[in-house]
Amino acid sequence: MDWIRTPAPIALFVYNRVHHTRRTVEALARNEMAAQSELHVFSDGPHLPEDEAKVEDVREYVARIEGFRAVHVHTQARNRGASASLLSGIEAVCEQFGRVIVVEDDLVTSPYFLRYLNQGLALYEDDPEVVSVHGYMYPTGSPLPESFFLRGADCWGWGTWKRGWAHFNPDGGALLEELERRGLETEFDFNGTYGFTEMLRDQCAGRSDSWAIRWYASAFLREKLTLYPGRSLVQPIGSAIGSECPGRNGDPWEDYVVRLSNRPVKLRRLPVREDVFARRIAERYFRELSAPPLSKRIRRRLRRFWRARREALYGGYVP
């Protein structure tokens with residue numbers, strides 16, 4: 001790791017879930033590069049009066065965070081909303097430091113997450129075709145390269161540079177218009193296997209406030225690439241403890257449950273082009289999400305059963 005200069009600052013976005021925030025921070029603090037990293041916590045203001053106490057609980061917790069080189073807490077008196085809070089925070093950190101690692105309060109990371117992100121950011125810092133480095137990989141059930149590129153960008157534990165974030169276009173309508181004008185909807189939807197275009201339409205229509213679909217579309221339309229690990233270094237833990245919460249496009253969170261990598265992802269410099277093999281595996285995974293075969297439905301039910309048993313025995317959310 002001696003070829004990594006000062007680790008990139010971490011931007012952590014929190015709201016009113018102290019249990020989730022604690023799990024996210026504790027996992028980050030177990031990373032081997034945590035003690036050398038600065039943590040910037042962005043705490044949005046309460047949306048409703050009943051959120052005030054929960055927001056205050058989170059702020060009391062983050063004020064006591066240890067295990068990092070420095071911790072900076074940025075609070076908002078009024079609620080800006082998840083997207084506005086995140087976008088402004090990324091912009092501020094990129095402007096000041098030139099790069100950022102982005103984590104939200106419902107992600108648990110492997111101890112090797114920060115190593116991978118920092119190595120990836122250092123390795124491709126001067127490659128204009130690479131827009132970001134991503135830490136999560138879907139549970140495809142198929143062997144993947146140690147690392148690889150896919151076109152676009154993603155949102156579950158990632159990092160970018162100021163030059164990469166400059167491609168972000170907040171205007172979902174403009175992104176959708178260009179996507180349709182160029183006839184790229186099928187490709188944007190991973191060969192028609194997943195409804196990303198519909199997610200963008202929902203954002204344009206005000207049915208969602210997703211920044212992530214606009215980030216993906218912004219990078220995709222500029223034909224930029226994101227580096228992925230072959231083994232996931234991030235686990236989403238959902239929006240309510242112990243429940244089956246909707247993931248992307250209404251899918252249950254359990255469709256995204258992975259086994260965190262227990263060893264580092266070994267990065268080497270790759271040709272900067274999309275990995276066709278990895279893309280096909282992703283397409284197959286998305287296709288199974290929309291129309292799972294009988295065997296997958298059976299495995300899903302078994303996972304639900306055994307997870308319920310573990311939760312009953314140990315209490316709380318068990319991934």
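**A helix and its surroundings**

Helix 8 and helix 9 cross in a left-handed manner (the near helix is turned anticlockwise from the far one by less than a right angle; helices are DSSP runs of H or I with at least four residues, strands are runs of E with at least two, and both are numbered from the N terminus). The model is predicted, so local features need pLDDT of at least 70 and side-chain atom pairs pLDDT 80 or more, while totals for chains, interfaces and linings use all residues. Residues are numbered from 1 along each chain as its sequence is written, and side-chain values use heavy atoms, without hydrogens or water.

The axes of helix 8 and helix 9 lie 9 Å apart, and the packing angle is about 120 degrees (axes are lines fitted to C-alpha atoms over the stretch in contact, and angles run from 0 to 180 degrees between N-to-C directions). Helix 8 is therefore oblique to helix 9 (under 35 degrees is roughly parallel, over 145 roughly antiparallel, 65 to 115 roughly perpendicular, and the rest oblique). On the side of helix 8, Phe196, Met199, Leu200 and Gln203 make the contact, and on the side of helix 9 it is made by Ile213, Arg214, Tyr216 and Ala217 (contact means heavy atoms within 4.5 Å). In an α-helix, residues three or four places apart point the same way, because there are 3.6 residues a turn.

Which residues of helix 8 are buried? Helix 8 spans residues 196-204, and its buried residues are Phe196, Thr197, Met199, Leu200, Asp202 and Gln203 (buried is under 20% relative accessible area, exposed over 50%, partly exposed in between, with a 1.4 Å probe and protein chains only). These buried residues pack against four partners: helix 6 (172-181), helix 7 (185-188), helix 9 (212-221) and helix 10 (276-290).

The two ends of helix 8 also deserve attention. Gly192 belongs to the loop that joins helix 7 to helix 8. Gly192 counts as exposed because its relative accessible area is 54%. Along the chain, Gly192 and Phe286 are 94 residues apart, yet 9.2 Å separates their C-alpha atoms. Just past the other end of helix 8, Gly206 adopts a positive phi of about 80 degrees.

One of the partners of helix 8, helix 6, also packs with helix 9. The axes of helix 6 and helix 9 come within 10 Å and cross at roughly 45 degrees. Helix 6 and helix 9 are therefore oblique to each other, and their crossing is left-handed. Helix 6 contributes Gly172, Leu175, Glu178 and Leu179 to this contact, while helix 9 contributes Arg214, Ala217, Ser218, Phe220 and Leu221. Arg214 and Ala217 of helix 9 also belong to the contact with helix 8.

Glu178 is a residue of helix 6. Is Glu178 buried or exposed? Because its relative accessibility is 13%, Glu178 counts as buried. Beyond residues up to four places away in sequence, Glu178 touches Leu221 and Arg222.

The wider setting can be stated briefly. The protein has 11 helices and 10 strands, and 53% of its 319 residues are buried. Among contacts between residues at least 6 apart in sequence, 82% join residues at least 24 apart.
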